[in-house]
Amino acid sequence: MPKDTTKGAVKGARSGKNDRNREGQKKKKYRSDGTPIWTKPTIEGPGIWATCPRGKERQTVGELYDLFESLSAEIWPPAEGETGETEGVSAKPANADDSDSDEDLSIEAQIAKEVAGIKKPAAEKRIQNCHTDTQCVVFMACRPPVDPIALVMRHLKNVEMTGITRTRQTHRLLPVSGSCTANILEIQALCRDAWAKYMTGRVNATSKYKVELRIRNHSTLTRMAIIQAVAECVPEGFSVDLNDPEVFVLVEVFKSTCGIGVVEDYYRLHKFNVGEVAKMCKTKDEGQESITRLGEAGSAEVAAGKVSEARPPE
């Protein structure tokens, strides 16, 4: 009886198809220069932690991109060559001279020119989202010359003055001047660096400080061990004050990463809660309006009293 080769042929075709799919998947994992294309940016360097409602992480990232890129362009204007370039394509408008020169070139030369323009490396983004794979938490890395602490303080001062948050989903913004692996030695080295940045331009500064520590998804180091390690790196002249501090050491421990930043006005600006700062501005405005109304009413009463005194008796 002849053997049925149909099943064997189908099985061989399927295995060949699976091999091709696997090869295609392997090829898609790497660029032409050998760098992986599916890897996500890791949490490192200076940046800004942001909190948001559950399920609104994507919207938060989008609004923070718009906000931070706008503010960073105001504070640190882009250098020549950075402005208007996206993904290696220049935003400079083509003029008549360029079109005339392109017409004079051969087809091969025009194609080579277009390919060279496409392959031109893109300028590195100043603000980069780093995936946290955690609900309600977003991290936006900042590249030089952007200073995350200066960036957040500028935004909070703007919100305090205008009452406009420019965001809908963002709750708190916590800047860190650097990040490291969450172990005691690296945390202390990072803390000294954060204090050095804060002390720049402050000669013989003395003040009261407090460590503000937040731990997420981390169980290796205890809270007390981290606080003690950070306290050992505080410069001379600074004393601990848990009730009325002037300087705050923000310590954010997330999984195996630790970020540290030294800031001021943390309590006054409602722990950098953008919505609460905006409410503070509105409350100020309402109070000023009520004072103005009371002043106007008092002036009107005084004027009415003077008029009644000036009338002759009937």
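# Exercises on a predicted chain

The buried residues of helix α7 are covered by elements that include α6, β6 and β8. Buried stands for under 20% relative accessible area, exposed for over 50%, and partly exposed for what falls in between (1.4 Å probe, protein chains only). Helices (H or I, at least four residues) and strands (E, at least two) are DSSP runs numbered from the N terminus, and a contact means heavy atoms within 4.5 Å.

The model is predicted, so local features need pLDDT of at least 70 and side-chain atom pairs count only at pLDDT 80 or more, whereas totals for chains, interfaces and linings use all residues. Numbering starts from 1 along each chain as its sequence is written, and side-chain values use heavy atoms, with hydrogens and water left out.

**Exercise 1.** Find which residues of α7 are buried and on which side of the helix they lie.

Step 1. Helix α7 spans residues 223–231, and I226, A229 and V230 are buried in it.
Step 2. These residues cover an arc of only 95° around the axis, which puts them on the same side of α7. The arc is taken from the directions that run from the helix axis to the C-beta atoms.
Step 3. An α-helix has 3.6 residues a turn, so residues three or four places apart point the same way.

**Exercise 2.** Work out the strand order of the open sheet and state which strands stand at the edges.

Step 1. The order is β5-β9-β8-β6-β7, 5 strands in all, with mixed pairing; two strands pair if DSSP finds at least two bridges between them.
Step 2. At the edges stand β5 (178–181) and β7 (238–240); each has a single partner strand, so one side of each has no neighbour in the sheet.
Step 3. From one strand to the next the twist averages 30°.
Step 4. Strand β6 (residues 207–216) runs parallel to β8, and 8 bridges join them. Y209 has V247 in β8 as its bridge partner.
Step 5. Helix α6 (residues 184–199) packs on the sheet and touches β5, β7, β8 and β9 (257–264); its direction makes about 25° with that of β9. Axes are lines fitted to C-alpha atoms, for helices over the stretch in contact, and angles run from 0 to 180 degrees between N-to-C directions.

**Exercise 3.** Describe the largest nonpolar core and the contacts of F272.

Step 1. A nonpolar core is a set of buried Ala, Val, Leu, Ile, Met, Phe, Trp, Tyr and Cys residues joined through side-chain atoms within 4.5 Å. The largest has 41 residues, of which F68 and F272 touch the most other members.
Step 2. Elements that give two or more residues to this core include α2 (57–75), α5 (148–162) and α8 (274–310).
Step 3. Beyond four places in sequence, the contacts of F272 include V152, L156, L173, L250 and D265.
Step 4. Another core, of 24 residues, lies apart from it, and C180, I187, A194 and W195 are among its members.

**Exercise 4.** Locate D133 and D265 and say whether each is exposed or partly exposed.

Step 1. D133 is in the loop between β2 and β3. Its phi is positive, about 55°, although D133 is not a glycine.
Step 2. D133 is exposed, at a relative accessible area of 62%.
Step 3. D265 is in the loop between β9 and α8, with phi near 60°.
Step 4. D265 is partly exposed, at a relative accessible area of 27%.
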